[in-house]
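Reader: I'd like to learn how to read a fold from its helices, sheet and charged pairs. Could you walk me through one?

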Amino acid sequence: MAINHDRNTDAPTEPRPRRLRAAAIATVALAALAGGTALLTDNLTNAFGPDSVCGGAVSAEAVNDALGWGKVSDTMYGDGKTLKADGSSCVAKVSRGIFGDDRFVAVDLRKSLNLTPFAVDAESQLFAASANGGSAGAVRDSSFAYALFPADCDSGQQATAKSRSSDAPGLARLAVSVANRAAEQQGCGKERLPAPHKLTAAGTDRALDRNAVCGLPGLTMPDTPGGPAYRATVTPGTDPLWSCRIHSDTDPRSSITFTIGTDPRLVASPTGDPGPTLGRAQEVGTFEAVTTCQGRPTRFRFTPDGLWDLVPDGTATWKQFLTAGGKAIGCEPIL
């Protein structure tokens, strides 16, 4: 008797086209998931962005630290492709893609030949080299920061950062980072400056004490009966500078400033023929002089920008300031 062999005793299998369609759907789903993840990563982080911007002078990581998460890009202004103290500048942007709320910080490099740019630092938060491992600078109004270059670079150089989208510590860290990278591009800054961690409070505003102007015994100003009420804003620290601004609400454009630069990196060293001397100080401009305090180059500046009723004799006020200001920061007698 013939035996009937059953060729297929297993359960019916899924037709091949259906299996292929399911695999294709799974592949598309995985690709969509991967693409969505990549899109979110690109929107939320700088994972696919550059490591540095602004001609290599600005770390993208430092920009994210100051402005928050997002993709980093830049726009250069001025001649050339690198930052220089020649008027060139750069705006770094942090973009959050579909989430919006783009943030910006403008950076540039500057070089100071005198103390004029620092006359407005009376209201600033300072960060001192002595408290921050060599990093020094200031933050004004929590929106503008500058940091001095490392000590082995030419003096007078600063890196600046300006933004309304950061806090004061973040801007200070960014400015120091730019100073380090710009110094490296110049071939100096062999010892990198650490991120600053200790900022002073902002300068305090007080009523003008005419017998101890700006808190300096020996610096006086005459009474002005019937005149406006004057106030003095004074930095709470003396490193990298000490600054005081005298002003009144009735004449906001006029002021008197007293400034002492205590960090040798703050201003470029004088060049050319030495100016006249005033005691131990060498005058390098009108009411500006350089001397030494405990062996360190120190600079003094007095700027009577209006309010002449308070300084009827500018030369006398200048000499008082050299004496009283020098004593306040521990200088040997200057006059």
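Author: We'll take a helix, then the sheet, then some salt bridges. This is a predicted model, where local features need pLDDT of at least 70, side-chain atom pairs count only at pLDDT 80 or more, and totals for chains, interfaces and linings use all residues. Residues are numbered from 1 along each chain as its sequence is written, and side-chain values use heavy atoms, with hydrogens and water left out.

Reader: Which residues of helix 2 are buried?

Author: In general, an α-helix has 3.6 residues a turn, so residues three or four places apart point the same way. Helices (H or I, at least four residues) and strands (E, at least two) are DSSP runs, numbered from the N terminus. Buried means under 20% relative accessible area, exposed over 50%, and partly exposed in between (1.4 Å probe, protein chains only). In helix 2, residues 60-67, the buried ones are A60, A62, V63, A66 and L67. Down the helix axis they fall within an arc of 155° (taken from the directions from the axis to the C-beta atoms), so they line one face of helix 2.

Reader: What happens just after helix 2?

Author: G68 takes a positive phi of about 100° there.

Reader: In what order do the strands of the sheet run?

Author: Two strands pair if DSSP finds at least two bridges between them. Here seven strands make an open, antiparallel sheet in the order 3-4-5-9-8-7-6. Strand 3 and strand 6 (125-127) are the edges, each pairing on one side only. Strand 4 and strand 5 are joined by six bridges, and K93 stands opposite F104 in strand 5.

Reader: Where does helix 2 lie on those strands?

Author: Helix 2 lies across strand 3, strand 4 and strand 5, at about 65° to strand 4. For such angles, axes are lines fitted to C-alpha atoms, for helices over the stretch in contact (heavy atoms within 4.5 Å), and angles run from 0 to 180 degrees between N-to-C directions.

Reader: And the charged pairs: how many salt bridges are there?

Author: Side chains of opposite charge can pair when their charged atoms come close. The rule for a salt bridge is a side-chain nitrogen of Lys or Arg within 4 Å of a carboxyl oxygen of Asp or Glu. The count is 13. One of them joins D121 and R140 at 2.6 Å, N to O. D121 sits in the loop between strand 5 and strand 6 and R140 in strand 7, so the pair ties together parts 19 residues apart in sequence.

Reader: Are D121 and R140 buried or exposed?

Author: Both are buried.
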